[in-house]
Amino acid sequence: NGILLALAISLPQRARALSILEFDRTLRLGEEGEIEVRIPGQFIKQPERHKKAHPYHKVLTNIGLFDALVEYATDYRPIFDTGKLLFSSMHAPTQGITEKQIGRLAGDVTLRELGVRISIHRFRDNVATEIGETMPNGGRLAPAVLGHRDIATTQRHYDHAEGVQVAREFADFIDERRSAPTELVL
């Protein structure tokens, strides 16, 4: 479940794209924390005329996620079957769970752990908002990360930045002040 949530954030695609991740085919683990992702165009939301010509291909560098994927692939994945699908079905060996099951699982995990049901698609919103709030020129970078050609699409549907970064900085400031040792003059 942690791998699902970490991938949903690191790879802000829809559940349909996450459902076809397979070791050594659409998901390759390289060296030094590199995770190569190649998703065929038919699993990406785009116009039909682009599906064959525009696959998704990215290389992510995330040591923590890389280590978790290596451990999962070597220690836990073989428990299910001899296949290589990242999210295999416990009920249908050699088959992956569906995009609906991925969405349901993400919602169930976040509800249980955070008290709020968060969909896979909402992770895309969160990524766009985080980029917009925390990175220099983030508003211009978010469309590229989400695969949008038009910045207005990202701003209208995904970037919900409303001063989140300022609120975080203020909370950090308050926490620092609370934990700072103070000498009392008696």
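Contact, as the word is used in this report, means heavy atoms within 4.5 Å. In that sense Val-37, leaving aside its neighbours within four places in sequence, is in contact with Leu-11, Leu-21, Thr-26, Leu-27, Tyr-56, His-57, Lys-58 and Leu-60.

The structure is a predicted model, in which local features need pLDDT of at least 70 and side-chain atom pairs count only at pLDDT 80 or more, while totals for chains, interfaces and linings use all residues. Residues are numbered from 1 along each chain as its sequence is written, and side-chain values use heavy atoms, with hydrogens and water left out.

## Overall layout

The chain holds eight helices and three strands, where helices (H or I, at least four residues) and strands (E, at least two) are DSSP runs numbered from the N terminus. Read from the N terminus on, the elements follow the order α-α-β-β-β-α-α-α-α-α-α. Of the 186 residues of the chain, 34% count as buried; buried means under 20% relative accessible area, exposed means over 50%, and partly exposed lies in between (1.4 Å probe, protein chains only). Among contacts between residues at least 6 apart in sequence, 53% join residues at least 24 apart.

## The nonpolar core

A nonpolar core is a set of buried Ala, Val, Leu, Ile, Met, Phe, Trp, Tyr and Cys residues joined through side-chain atoms within 4.5 Å. The largest such core has 32 residues, of which Val-37, Ile-39, Leu-86 and Ile-120 touch the most other members. At least two residues of this core are supplied by each of α1, α2 (15–18), β2 (34–39), β3 (56–61), α3 (63–76), α4 (99–114) and α5, and the largest share, five residues, comes from α1. In soluble globular proteins, nonpolar side chains tend to be buried together.

Ile-120 belongs to helix α5 and, with a relative accessibility of 4%, counts as buried. Not counting residues up to four places away in sequence, Ile-120 touches Leu-4, Ala-8, Gln-13, Arg-14, Ala-15, Leu-18, Ile-102, Gly-103 and Ala-106.

Axes here are lines fitted to C-alpha atoms, for helices over the stretch in contact, and angles run from 0 to 180 degrees between N-to-C directions. Helix α1 (residues 2–10) packs on helix α5 (residues 120–134) at an angle of about 45°, with the two axes 8 Å apart. This makes α1 oblique to α5, on a scale where angles under 35 degrees count as roughly parallel, over 145 as roughly antiparallel, 65 to 115 as roughly perpendicular and the rest as oblique. The crossing of α1 and α5 is right-handed; a crossing is left-handed if the near helix is turned anticlockwise from the far one by less than a right angle, and right-handed if clockwise. Leu-4, Leu-5, Ala-8 and Ile-9 of α1 make the contact with Ile-120, Phe-123 and Val-127 of α5. By class, this contact of α1 with α5 has seven nonpolar, no polar and no charged residues, where Ala, Val, Leu, Ile, Met, Phe, Trp, Tyr, Cys and Pro count as nonpolar, Asp, Glu, Lys and Arg as charged, and the others, Gly among them, as polar.

Against α3, helix α1 packs at an angle of about 140°, with the axes 11 Å apart, which makes α1 oblique to α3. The crossing of α1 past α3 is left-handed. Here Ile-3, Ala-6, Leu-7 and Ser-10 in α1 meet Leu-65, Ala-68, Leu-69 and Tyr-72 in α3, and by class this contact has seven nonpolar, one polar and no charged residues.

The following C-alpha separations concern residues that lie apart along the chain.

| Residue pair | Separation along the chain | C-alpha distance |
|---|---|---|
| Gly-2 and Leu-65 | 63 residues | 9.5 Å |
| Ala-73 and Leu-86 | 13 residues | 8.1 Å |
| Ile-120 and Leu-5 | 115 residues | 8.2 Å |

Gly-2 lies in helix α1 and counts as exposed at 52% relative accessibility. Ala-73, placed in helix α3, is partly exposed, with a relative accessible area of 26%, and touches Phe-23 and Pro-78 when residues up to four places away in sequence are not counted.

Most residues other than glycine have a negative phi. Glu-32 lies in the loop between β1 and β2 and is exposed, with a relative accessible area of 70%.
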